[in-house]
Amino acid sequence: MNTPARPPLILASSSRYRRELLERLRIPFEVAVPDIDETPLPAEAPEQTALRLARGKADAIAARHPGALVIGSDQVATLDGVQVGKPGSHDKALAQLRWMRGRTVVFHSALCLLDSRSGEAQLRDVLTQATFRELDDAELETYLRLEQPYDVAGSAKSEGLGIALLERVESDDPTALIGLPLIALTTMLRRAGCPLFAG
């Protein structure tokens with residue numbers, strides 16, 4: 001009896017960090033960059049922003065690739081109910097890290113697995129609470145000069161030197177903070193008929 005062919009798997013992302021995470025699963029996949037507006041909507045809760053954008057990225061790529069399984073993911077960091085975005089510059093990154101030191105930031109890592117064959121979408125928001133150390137400005141400046149984490153939410157590149165900024169991390173999924181929750185994703189893939197250890 002022939003087993004059905006695995007549908008193409010596409011990561012809807014421009015992030016090299018998400019691509020590197022997905023490579024851990026040792027399954028073939030393609031990468032396609034979604035072109036969507038990632039601006040939060042007025043009065044939109046952080047988890048709603050993350051889930052909407054994860055689904056929007058998957059939808060954008062699925063429209064171009066019928067028959068594929070598409071992974072969309074988005075991450076929103078919040079402190080005091082305010083979204084903490086990607087700094088984009090040294091000065092903004094330093095301001096972020098000063099604001100966050102000694103405090104706990106909540107990261108919403110939203111994940112969508114969209115089966116474009118059926119239109120079925122699995123969605124999940126994986127929470128991570130990251131408590132930052134009380135570091136002085138000189139330490140923060142050194143970190144920024146070495147890591148230059150201007151393209152990650154909250155300036156904390158936890159897969160690199162940014163892990164030293166953190167005092168404690170609490171999450172159900174250790175990969176969520178980097179941006180692609182692999183425990184949740186492997187559960188979704190199994191539900192979609194694509195287990196990783198299918199012989």
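Predicted model: local features only at pLDDT ≥ 70, side-chain atom pairs only at ≥ 80, totals over all residues.

Me: Why is the pairing of glutamate 44 and arginine 52 called a salt bridge?

Reply: The N to O distance between their side chains is 2.7 Å. The cut-off is a Lys or Arg side-chain nitrogen within 4 Å of an Asp or Glu carboxyl oxygen, so the pair qualifies. Side chains of opposite charge can pair when their charged atoms come close.

Me: How many salt bridges turn up in the whole structure?

Reply: The search finds 11. Among them is aspartate 115 with arginine 117, where the closest N and O atoms are 2.8 Å apart. Another has glutamate 170 meeting arginine 168 at 3.1 Å, N to O.

Me: What about glutamate 170 and arginine 168: which label do they get?

Reply: Glutamate 170 has a relative accessible area of 41%, so partly exposed is the label. Arginine 168 is at 41% too, and is partly exposed.

Me: Now for Asp74. Which label does UniProt give it?

Reply: The UniProt record, an unreviewed entry, lists Asp74 under "active site". The annotation may be inferred rather than shown by experiment. In the model, aspartate 74 lies in strand S3, residues 69-79.

Me: How do you know that aspartate 74 is buried?

Reply: Its relative accessibility is 4%, and buried means under 20%, so the label follows. Look around aspartate 74 and, leaving aside neighbours within four places in sequence, you'll find contacts that include Arg18, Glu38, Lys57, His108 and Ser109.

Me: What makes the link between aspartate 74 and lysine 57 a polar contact?

Reply: Their side chains are joined at 3.0 Å. The limit for such an N or O pair is 3.5 Å, so this one is within it. Lys57 and Asp74 also belong to a network of salt bridges together with Glu38.

Me: What's going on with serine 73?

Reply: Serine 73 is in strand S3 as well. It is buried because its relative accessible area is 2%. Its side chain reaches the backbone oxygen of glycine 179 at 2.9 Å. Beyond four places in sequence, serine 73 touches residues including Arg18, Ala54, Lys57 and Gly179.

Me: Why is S3 described as largely enclosed by the rest of the structure?

Reply: Because 11 of its 11 residues are buried. They point two ways: Ser73 and Gln75 are among those on one side, while Asp74 and Val76 are among those on the other.

Me: How do you know that S3 pairs with S5?

Reply: There are 10 bridges between S3 and S5 (residues 104-115), and the two run antiparallel. Pairing takes at least two bridges, so they pass. One place to look is glutamine 75, whose bridge partner in S5 is serine 109.

Me: Which other strands pair with S3?

Reply: Strand S4 (residues 82-84) runs antiparallel to S3, with three bridges, and alanine 77 stands opposite valine 84 there. Two residues sit between the strands in the S3 and S4 hairpin, where aspartate 80 takes a positive phi near 55 degrees. S1 runs parallel to S3, joined by four bridges; leucine 11 has isoleucine 71 as its bridge partner in S3.

Me: And what makes the crossover from S1 to S2 right-handed?

Reply: First, the strands: S1 and S2 (residues 30-32) pair in the parallel sense over three bridges. The chain goes from S1 through helix H1 (residues 16-23) to S2, as a right-handed β-α-β crossover. The label is used because, with the strands pointing away from you, the path over the helix runs clockwise.

Notes:
Residues numbered from 1 in each chain as written. Heavy atoms only, no water. Buried < 20%, exposed > 50% of the residue type's maximum accessible area, 1.4 Å probe, protein only. Contact = heavy atoms within 4.5 Å. Polar contact = N/O pair within 3.5 Å; in protein donor to acceptor, adjacent residues only side chain to side chain.
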